[in-house]
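This report goes through selected local features of one structure. The sequence and the structure come before the description.

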Amino acid sequence: MDKIVIHGGQRLRGEIRILGAKNAALPIQCAALLTASPTTLRHVPRLSDVKTMSELLAGLGCAVEGDRTLVIDPAGVAAGPLEAPYELVKTMRASVTVMGPLLAAYGRCRVSLPGGCAIGARPIDQHLRGLEALGAKIKLAHGYVDLKAKRLKGAVFTFDVVTVGGTQNVMMAAALAKGTTRLENVAREPEVQELAVVLNKMGAKIHGAGTSAMEIEGVDTLHGIDHAILPDRIEAGTFMVAAAISQGDVLLEHAPVDHLHAVIAKLEEAGARCLVEPRGLRVIGPEALKPIDIVTRPHPGFPTDMQAQIMVLAAMADGASVIRETIFENRFMHVPELVRLGANIVVSGNTAVVRGPATLSGTIVMATDLRASASLVLAGLVAEGTTEVRRVYHIDRGYETIEDRLRPLGARMTRYHGAGG
Ligand code: EPZ
């Protein structure tokens, strides 16, 4: 296992290019299963999760080639196992997003239940209930879910909770269903909207993506496309925090400003300047940060995937900040590690009270999940001395070689392979 060693205290300056979004690429890779011809995806981030999804698609019978540009040919799926095995699903829950496409395009599939996750129980009941509403016959046994349906039928379905993955799974299934489907209380995330753009390019008829209801007129067939993955708002948000907490001045090239309003508002409240420029978003950190209160919400609210990162900013701010996590029940795993670095954070239930300004000092810390590991790297950038972040395989799931991306901005970061147990 690798570790990353950070010598803190540098002001970050310069330009960084925002890469393709993990949470857009993963469901779009699954959408390729809906078509009869190859799909080419560009600006694909080189992440372990994307590799896992490509492995899953290859196991299903797809021919998958490339990395930054990925060509997915589903020709071999009909003769394949139509099964997402436990070994892959347990490493990446997003694997369950093959369920809707396989069921809709091939009439049946078998998918391992994902099991627990570091940040919460994360059930898939809404995915299953949505597919059942479209006529799927579902059987749960031996840790797997079997789904069958000769041809899915359009229906009206209301999600009990706003779920990104559930919305994506059911909208992909409905794209090939007979008749029209109306989905209520759907997720409005940019990655859901991007999936609707992709499906409509493939020949689907989806209306209302980005609002809380969607109408999907089923079609008989979809075709392969050539599509460039949109820039990653969470990667951009993470680097915006890096600039703000280091009194830095960073231009985030291709930052998807329209997807970042909630993050920009909070950084400006904390005293940072966020300037929209022709090539992207420029973030200038203040000499002193002000406290902020955060409540994570589905989009367009403040993203839960930025909660850990913004907590580092709150730890550096002059005063008390209150951070409430409403999406996942166990997403404060980074707190004890930030406290080890010298932050003053008290958690009670789903609320963290963060008092600053802290003087962080470097030590050994353990990454526990993707965004928690990003917060530890951010804290290491501003801590005195040396911080060693272990188990960085978590960060490789969502950030492409983060040390190589931040070093040109002045960060002193080095990865040591196989040294971070
Ligand atoms: C997506 O996960 C993202 N992952 C997550 O990002 C992100 O945190 C999450 O959406 C929320 O924005 C990908 O896109 C691959 P949900 P997803 O279904 O789809 C409950 C990252 O850091 N729920 O919207 O799994 C669930 O337990 C990752 O990049 C049910 O109760 O999230 C949670 O409390 C982490 N039943 C809430 O809904 C269901 O059937 C939101 O989960 C489904 C979900």
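Pro-357 sits in the loop that runs between strand 21 (351-356) and strand 22 (364-366). Strands here are DSSP runs of E with at least two residues, helices are runs of H or I with at least four, and both are numbered from the N terminus. The bond between Gly-356 and Pro-357 is a cis peptide bond, with omega at about 5 degrees. Another cis peptide bond links His-299 to Pro-300, with omega at about 10 degrees. Pro-300 belongs to the loop between strand 18 (294-295) and helix 10 (307-316).

His-142, in the loop between strand 8 (137-141) and strand 9 (144-148), has a phi near 55 degrees, a positive value in a residue that is not glycine. Most residues other than glycine have a negative phi, and most peptide bonds are trans.

## Basis of the model

The model is predicted: local features need pLDDT of at least 70 and side-chain atom pairs count only at pLDDT 80 or more, while totals for chains, interfaces and linings use all residues. Residues are numbered from 1 along each chain as its sequence is written, and side-chain values use heavy atoms, with hydrogens and water left out.

## Around the ligand

Polar contacts are pairs of N or O atoms within 3.5 Å. A backbone N or O atom of Val-164 is 2.7 Å from a ligand oxygen atom. For Gly-165, a polar backbone atom is 2.7 Å from an oxygen atom of the ligand. Gln-126 also has a polar backbone atom 2.7 Å from a ligand oxygen atom.

## Helix 6 and helix 7

The axes of helix 6 (residues 164-175) and helix 7 (residues 190-201), lines fitted to C-alpha atoms over the stretch in contact, come within 10 Å and cross at roughly 15 degrees, on a scale from 0 to 180 degrees between N-to-C directions. The two helices are therefore roughly parallel (an angle under 35 degrees).

Val-164, Thr-167, Gln-168, Met-171 and Met-172 of helix 6 are in contact (heavy atoms within 4.5 Å) with Glu-191, Val-192, Leu-195, Ala-196 and Leu-199 of helix 7. By class, the residues of this contact are 7 nonpolar, 2 polar and 1 charged. Nonpolar covers Ala, Val, Leu, Ile, Met, Phe, Trp, Tyr, Cys and Pro; charged covers Asp, Glu, Lys and Arg; the others, Gly among them, are polar.

Note on methods:
Parallel < 35°, antiparallel > 145°, perpendicular 65-115°, else oblique. Polar contact = N/O pair within 3.5 Å; in protein donor to acceptor, adjacent residues only side chain to side chain.
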